[in-house]
Amino acid sequence: AVCSMGNSTSRLYSVLAKTLSSGAVSQHQDCLEQLDSAQLDPLDPKDLLEECQIVLQKRPPRFQRNFVNLKKNTAGNHRPIRVMQWNILAQALGEGKDNFVQCPMEALKWEERKCLILEEILAYKPDILCLQEVDHYFDTFEPLLSRLGYQCTFFPKPWSPCLDVEHNNGPDGCAMFFLKERFELINSANIRLTAMKLKTNQVAIAQTLKCHETGRLFCIAVTHLKARTGWERFRSAQGCDLLQNLKNITQGAKIPLIVCGDFNAEPTEEVYREFSNSSLNLNSAYKLLSPDGQSEPPYTTWKIRPSGECRHTLDYIWYSQHALNVNSALGLLTEEQIGPNRLPSFNYPSDHLSLVCDFSFNQDPDRLL
């Protein structure tokens, strides 16, 4: 049965290898509602990784990416907090709407693509995982990641474009996962973003967590702003609304903040400047990879559509620079690794690159205020 997820390898394999038909989705969700994820058997990440690799044995191996050390003084009193940001590409959009003209449909099969996504997550072992375009939350990510020790939250878009695709798996949305052994949830807010006082189709999740090791509070947020050229003012308004919500949640920056998201905005856009100049004193972590510490990466997404090649920087991890340090950041894929057909591909499951940073608390958070 789809809902029977015991310890046996065969049952685990059935979870990974089976793609649900649209008719089975509601039945699967009903089954999940009857299960308390805390009572499900814990899952060894090594076992899950092995099962993923069995499914992926005919695919090329994972790309090698290295962490870049960014902290001059590496001495610290506690383990860093690893945060992963990733637009994983909604399955319905990848197969039905996005028109990746150089990507074979075979590379987009969910049975294998979900294993590539899980393999990437398992490789970097984030303490906090922030995802966009999640349309397989209930049948894949929640049941599996909860068994790996994560507390899971999902907020779908009110009018998801996935629902326009035949045989879809429900709406896509933002999802957040944090390790319960490291953090305690203090507060959680699902935010439907507004623009010009109108509710929009874009959402965010903001959670205040307490770090067990240090006793420190911090807020982590995930969002996905409106896409497409011509919507720059709309994104700007959404960004302003999100910032105002985060100011209230963090009590005006008293609580340190990390914001992950696909902003669908280049660094030249107004919404980027709003975050850079906010009273929350935010900096973009991936700027620190540049020689001067002031420039964003050349791309976080790279794809080919019928209209041509699209290479953009749209994804960010923002952080409170007065209260948090970036210890390291995961380097991006090179053009050579990505290859001439760009993303997604048999090697990589999404058109967006994952971003991963290790954070530590500033020992003297008031000195830069």
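Modeller: Arg-62, Phe-63, Arg-65, Leu-116, Glu-120, Asn-347, Tyr-348 and Pro-349 line the second largest cavity in this predicted model. The space inside the second largest cavity comes to about 60 Å³. Sorted by class, its lining consists of four nonpolar, one polar and three charged residues. Searching the whole structure gives two cavities of 30 Å³ or more.

Leu-116 and Glu-120 belong to the lining, and helix H5 covers residues 110–124. Of the 15 residues in H5, 13 are buried, so the helix is mostly covered, buried meaning under 20% relative accessible area. The end C-alpha atoms of H5 are 21 Å apart, which agrees with the 21 Å that its 15 residues should span at 1.5 Å a residue. After H5 comes Lys-125, with a positive phi near 45°. Glu-112 takes part in a network of salt bridges with shared partners, together with Arg-59, Glu-106 and Lys-109.

The largest pocket holds about 730 Å³ of space. Its lining counts 30 residues, and those nearest the centre are Lys-226, Ala-227, Arg-228, Asn-264 and Arg-305. Strand E7 (198–211), helix H7 (232–249), strand E11 (301–305) and strand E12 (308–312) each give two or more residues to that lining. By class, the pocket lining has 14 charged, eight polar and eight nonpolar residues.

As for charge pairs, the structure has 16 salt bridges. One of them joins Asp-351 and Lys-303, with 2.8 Å between the closest N and O atoms. These partners are 48 residues apart and link distant parts of the chain: Lys-303 sits in strand E11, and Asp-351 in the loop between helix H9 (335–338) and strand E15 (355–361). Asp-351 has a relative accessible area of 3% and is therefore buried; Lys-303, at 7%, is buried too.

Another salt bridge pairs Arg-235 with Glu-269, at 2.9 Å between the closest N and O atoms. Arg-235 lies in helix H7 and Glu-269 in the loop between strand E9 (257–262) and helix H8 (270–276), 34 residues apart. Arg-235 is buried at 2% relative accessible area, and Glu-269 is buried at 11%.

Lys-157 and Asp-172 also meet through their side chains, N to O at 3.2 Å. Both residues are in the loop between strand E4 (150–156) and strand E5 (173–179), 15 residues apart. Lys-157 is buried with a relative accessible area of 11%, and Asp-172 counts as buried at 0%.

Note on methods:
Residues are numbered from 1 along each chain as its sequence is written. This is a predicted model: local features need pLDDT of at least 70, side-chain atom pairs count only at pLDDT 80 or more; totals for chains, interfaces and linings use all residues. Side-chain values use heavy atoms; hydrogens and water are left out. On a 1 Å grid over the protein atoms alone, a cavity is a set of points where a 1.4 Å probe fits but cannot get out, and a pocket is an open set with protein on both sides within 12 Å along at least five of seven lines; lining residues have an atom within 4 Å of a point. Grid points are joined across faces, edges and corners, and a volume is the space filled by probe spheres set on the points. Helices (H or I, at least four residues) and strands (E, at least two) are DSSP runs, numbered from the N terminus. Ala, Val, Leu, Ile, Met, Phe, Trp, Tyr, Cys and Pro count as nonpolar, Asp, Glu, Lys and Arg as charged, and the others, Gly among them, as polar. The expected span of a helix is 1.5 Å times one less than its number of residues. Buried means under 20% relative accessible area, exposed over 50%, partly exposed in between (1.4 Å probe, protein chains only). A salt bridge is a side-chain nitrogen of Lys or Arg within 4 Å of a carboxyl oxygen of Asp or Glu.
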